[in-house]
Amino acid sequence: TNFTISSPANAVIGRYNLILQVTSGNKIFSRFLGQFVLLFNPWCQGDDVYMANENERQEYVLNENGIMFVGNAKYIEARGWYYGQFQDDMLNICLTMLDLSLYYRQDPAIDVSRRGDPKYVGRVISSMINGNDNDNGVLLGKWQGSFHSHENPSRWDGSVVILQKWRQDNYKPVQYGQCWVFAGVMCTVLRCLGIPTRLISNFNSAHDVDRNLSIDKYYDSSGKSLNIGKDSTWDYHVWNESWFVRPDLGTLYNGWQVLDATPQEQSK
């Protein structure tokens, strides 16, 4: 006998058990048939992550290799990065990541019920890529001092080894990451789950800590610089954009959505 299962386009992603139940008179027989995994589907028109252009689907969902831009505005360097989202065990690791999050631990039923929403899944993953919330995150960030006892962030060239090491170390954060590493790993996880994702690089990148959308510098009456502001400008910053609709904001906001896994400020 052949079975066809049609899931709704907004179904919750994750692992499902398939059980056959036969009722005969007043007897009920149940039989476990197996497991399957449901993901977001950029080929399906009803899905929030639907992407109409096949070339873009090939690039932002299926491509396992990419280039990221780092350096500074006068010397921009292109680095290769291996996303490897279809490699052995990547799917298991990415699904486990959802179950390790603080969101799941606080309320498993509500967390799972929201996994059909790419906005929600994007936020959970962006929180899980860094280990700064004491949530078993994938990578610990480090920007100064010595790296001799662990991996210097500039040595990484792909996500697979990082995610495998995270799992082998019983989900302890891998040391160390910086913005492009967080973004590369996040791209792997989101593409693996079916959400079209790309990397964005910005040079002379403003880091505004007090949310007034300006970089504030302070001087005394004689013009001497005062070291009291925490705003800064970075040589460059790398983050992600994912493609999905925004029914909460209106159609004007459909398309590429910013997600940033680098732990700059407290989540939320």
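At 44% relative accessibility, Asp248 counts as partly exposed. Its salt-bridge partner is Arg246, with the closest N and O atoms 2.7 Å apart. Arg246 counts as buried, at 14% relative accessibility. The model is a predicted one.

**Nonpolar core**

- The largest nonpolar core has 50 residues, and those touching the most other members are Met97, Ile125, Ile129, Ile162, Leu163, Trp166 and Trp180.
- Seven elements need a look here: strand 3 (65-72), helix 2 (90-100), helix 5 (118-129), helix 6 (160-168), helix 7 (179-192), strand 7 (197-207) and strand 10 (232-244) each give two or more residues to this core.
- Helix 7 gives the most, with 11 residues.
- Met97 touches Ile125, Met128, Ile129, Val138, Leu163, Trp166 and Val189, leaving aside residues up to four places away in sequence.
- As a general background, nonpolar side chains tend to be buried together in soluble globular proteins.

- Which residues of helix 6 are buried? They are Val160, Ile162, Leu163 and Trp166.
- These residues cover an arc of only 170° around the axis, so they sit on the same side of helix 6.
- In general, an α-helix has 3.6 residues a turn, so residues three or four places apart point the same way.
- What do the buried residues of helix 6 pack against? Their partners are strand 4 (75-82), helix 2, helix 5, strand 5 (139-141), strand 6 (174-177) and helix 7.
- Lys165 forms a salt bridge with Asp169, where the closest N and O atoms are 2.9 Å apart.
- Lys165 is partly exposed, with a relative accessible area of 34%.
- Asp169 is also partly exposed, at 29% relative accessibility.
- Asn170 follows helix 6 and has a positive phi, near 60°.

**Hairpin of strands 3 and 4**

- Strand 3 and strand 4 form a hairpin, with two residues between them.
- The two strands pair in the antiparallel sense over eight bridges.
- Gly66 stands opposite Trp81 in strand 4.
- Phe69 has Ala78 of strand 4 as its bridge partner.
- Strand 3 is also one of the elements that give two or more residues to the core, and strand 4 packs against the buried residues of helix 6.

**Salt bridges**

- How many salt bridges does the structure hold? There are eight.
- Arg198 and Glu241 meet through their side chains in one of them, at 2.7 Å from N to O.
- Arg198 lies in strand 7 and Glu241 in strand 10, so this pair ties together parts that are 43 residues apart in sequence.
- Is Glu241 buried or exposed? Glu241 counts as buried, because its relative accessibility is 13% and the cut-off for buried is under 20%.
- Arg198, at 21% relative accessibility, counts as partly exposed.

**Backbone features**

- In general, most residues other than glycine have a negative phi, and most peptide bonds are trans.
- A cis peptide bond joins Gln175 and Tyr176, with omega about 10°.
- Tyr176 is placed in strand 6.
- Tyr171 is not a glycine, yet its phi is positive, at about 60°.
- Tyr171 lies in the loop between helix 6 and strand 6 and counts as buried, at 17% relative accessibility.
- Asn136 is another residue other than glycine with a positive phi, near 65°.
- Asn136 is found in the loop between helix 5 and strand 5 and counts as partly exposed, at 29% relative accessibility.

**Annotated span**

- UniProt lists residues 171-263 as "domain: Transglutaminase-like", in an unreviewed entry.
- In the model, this span is 15% helix and 40% strand.
- The end C-alpha atoms of residues 171-263 lie 18 Å apart.

Terms used: Residues are numbered from 1 along each chain as its sequence is written. This is a predicted model: local features need pLDDT of at least 70, side-chain atom pairs count only at pLDDT 80 or more; totals for chains, interfaces and linings use all residues. Side-chain values use heavy atoms; hydrogens and water are left out. A nonpolar core is a set of buried Ala, Val, Leu, Ile, Met, Phe, Trp, Tyr and Cys residues joined through side-chain atoms within 4.5 Å. Buried means under 20% relative accessible area, exposed over 50%, partly exposed in between (1.4 Å probe, protein chains only). Helices (H or I, at least four residues) and strands (E, at least two) are DSSP runs, numbered from the N terminus. Contact means heavy atoms within 4.5 Å. UniProt positions are given in the numbering used here, feature names are shortened, and annotations may be inferred rather than shown by experiment. The arc is that of the directions from the helix axis to the C-beta atoms. Two strands pair if DSSP finds at least two bridges between them. A salt bridge is a side-chain nitrogen of Lys or Arg within 4 Å of a carboxyl oxygen of Asp or Glu.
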